[in-house]
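Welcome, and please open your viewer. We will take a short walk through one chain, stop by stop, and look at what each selection shows.

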Amino acid sequence: MSSFPLYLAHGAGVGHTNDFLSQLGAAISVQREQLIIPLTFSYMKEQALSMKRRPPPRFSTLIPEYANYIEHEEACIVAGKSMGGRVATQLSHLPMVKAIVCFGFPFHPVGKPEKNRLAFLSKIEVPCLIVQGTRDALGRYEWVSQQTLPKNIEIVWIEGADHDFKTLKKYNTTINDTINHIAAITQHWLMKTI
């Protein structure tokens, strides 16, 4: 088992009740014998209690909230789906953060590449893995491959996958196949990186 726990934050709209996220966490845990700690932001907890959907708070408030979850760790990996990964990228300056993993990084809002979020990646101080679908509307392969990213960021592409890692029928790949593939990618990267 890795000595570093992996904290896994959710995206903006769905928490850990999301099938993809819960299955991904389980698959990484099994493949790597990795301790996975689901991280749920307070606004999502409130949403679950009230049964009313609400948007996330200001992004700047999520960074210290994530940091508070890991403050007692000597060493850990921070990860997240979409928005959760974006928050994780802002924690690389903390001494306990040894690596970052982003599943479906939101490089820009849908249809607005001019409002890109590349600045979030420019100051990362630790190794970072981004697993991205080639059809992700928040960062397609065609656009991302033309950008200049820091050398400590590695992107692994999932052919034909969208932001939720669903693939077109022509790829003959189930979501379970994709989840296991992403877990294997994550395991391999972590083994060679930390």
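Which residues are exposed on the other side of α1? Select D19 and V30: these two are exposed there, where exposed means over 50% relative accessible area, buried under 20% and partly exposed in between, with a 1.4 Å probe and protein chains only.

A word on what you are viewing. This is a predicted model, in which local features need pLDDT of at least 70 and side-chain atom pairs count only at pLDDT 80 or more, while totals for chains, interfaces and linings use all residues. Residues are numbered from 1 along each chain as its sequence is written, and side-chain values use heavy atoms, with hydrogens and water left out.

**Stop one: the whole chain**

Zoom out and colour by secondary structure. You will find seven helices and six strands, which are DSSP runs numbered from the N terminus (helices H or I, at least four residues; strands E, at least two). Along the principal axes, the C-alpha atoms fill a box of roughly 45 × 40 × 30 Å. Buried residues make up 48% of the 194 residues.

**Stop two: helix α1**

Now select residues 19–32. This helix, α1, has 14 residues and spans 20 Å from its first C-alpha to its last, close to the 20 Å expected at 1.5 Å a residue; the expected span is 1.5 Å times one less than the number of residues.

Next, highlight F20, L21, L24, G25, A27, I28 and R32, the buried residues of α1. They cover an arc of only 165 degrees around the axis, so they sit on the same side of α1; the arc is that of the directions from the helix axis to the C-beta atoms. In general, an α-helix has 3.6 residues a turn, so residues three or four places apart point the same way.

What covers these buried residues? Show β1 (6–9), β2 (36–39), β3 (76–81), β4 (97–103) and α7 (175–193), which are included in that cover.

N18 caps the N-terminal end of α1, with a side-chain oxygen 3.1 Å from the backbone nitrogen of F20. Just after α1, E33 takes a positive phi of about 50 degrees.

**Stop three: Q47**

Finally, select Q47, in helix α2 (residues 42–50). Q47 counts as buried because its relative accessibility is 10%. Leaving aside neighbours within four places in sequence, Q47 is in contact (heavy atoms within 4.5 Å) with G13, K52, R53 and R54.

Notes:
A polar contact is a pair of N or O atoms within 3.5 Å; within protein, one must be able to donate a hydrogen and the other to accept it, and residues adjacent in sequence count only if both atoms are side-chain atoms.
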